[in-house]
Amino acid sequence: MNFIRFVFSFLFVRNWHTGEMELSRSRMAIFCAIIFLMLLALTMISFLQAPVEYTRS
């Protein structure tokens, strides 16, 4: 768990009452949205890079 907190430290905020670091829901939602958009973009790029075959009907 400490390694995850070290790597993803930007997802945690300090609680004003306890002083402990806890996971921020808004930062987690933004992070997941960015990951989703990156995967969507990579999927679209791979689809659009596929060769097109033309056949005469």
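A polar contact is a pair of N or O atoms within 3.5 Å; within protein, one of the two must be able to donate a hydrogen and the other to accept it. In this predicted model, such a contact joins the side chains of Ser 24 and Ser 26 at 3.3 Å. Ser 24 sits in the loop between strand 2 (21-23) and helix 2. With a relative accessible area of 11%, Ser 24 is buried, because buried means under 20%. Leaving aside residues up to four places away in sequence, Ser 24 touches Leu 11 and Val 13.

The aromatic residues come next. A pair of aromatic rings is described by the distance of the centres and the angle of the planes. The count comes to three aromatic pairs. One of them brings together Phe 8 and Phe 10, whose ring centres are 6.2 Å apart and whose planes meet at 70°, so the pair is edge-to-face. Both residues are partly accessible in the model: Phe 8 is partly exposed, at 31% relative accessible area, and Phe 10 counts as partly exposed at 43%. Phe 10 forms a further edge-to-face pair with Phe 31, at 5.6 Å centre to centre and with 65° between the planes. This second pair links distant parts of the chain, since Phe 10 is in the loop between helix 1 and strand 1 (12-14) while Phe 31 belongs to helix 2, 21 residues apart. Phe 31 is likewise partly exposed, with a relative accessible area of 24%. Through ring pairs, Phe 8, Phe 10 and Phe 31 are linked into a cluster.

Which residues form the nonpolar patch on the surface? The patch is made up of Phe 3, Ile 4, Phe 6, Val 7, Phe 8 and Phe 10, which together have about 630 Å² of accessible area. Val 7 is found in helix 1 (residues 2-7) and counts as partly exposed, at 38% relative accessibility. Patch residues need over 30% relative accessible area. Phe 8, at 31%, and Phe 10, at 43%, are both members of the patch, and they are also part of the aromatic cluster with Phe 31. Phe 31, at 24%, falls outside the patch because the cut-off is over 30%.

Notes. Residues are numbered from 1 along each chain as its sequence is written. This is a predicted model: local features need pLDDT of at least 70, side-chain atom pairs count only at pLDDT 80 or more; totals for chains, interfaces and linings use all residues. Side-chain values use heavy atoms; hydrogens and water are left out. Patches are made of residues with over 30% relative accessible area and no salt bridge: like charges are joined within 9 Å, nonpolar side chains (Val, Leu, Ile, Met, Phe, Trp, Tyr) within 5 Å. Accessible areas come from the Shrake-Rupley method with a 1.4 Å probe; for residues, only the protein chains shown count as cover. A salt bridge is a side-chain nitrogen of Lys or Arg within 4 Å of a carboxyl oxygen of Asp or Glu. Helices (H or I, at least four residues) and strands (E, at least two) are DSSP runs, numbered from the N terminus. Buried means under 20% relative accessible area, exposed over 50%, partly exposed in between (1.4 Å probe, protein chains only). Contact means heavy atoms within 4.5 Å. Rings of Phe, Tyr and Trp (its six-membered ring) pair if their centres lie within 6.5 Å; planes under 30 degrees apart count as stacked, over 60 as edge-to-face and the rest as tilted.
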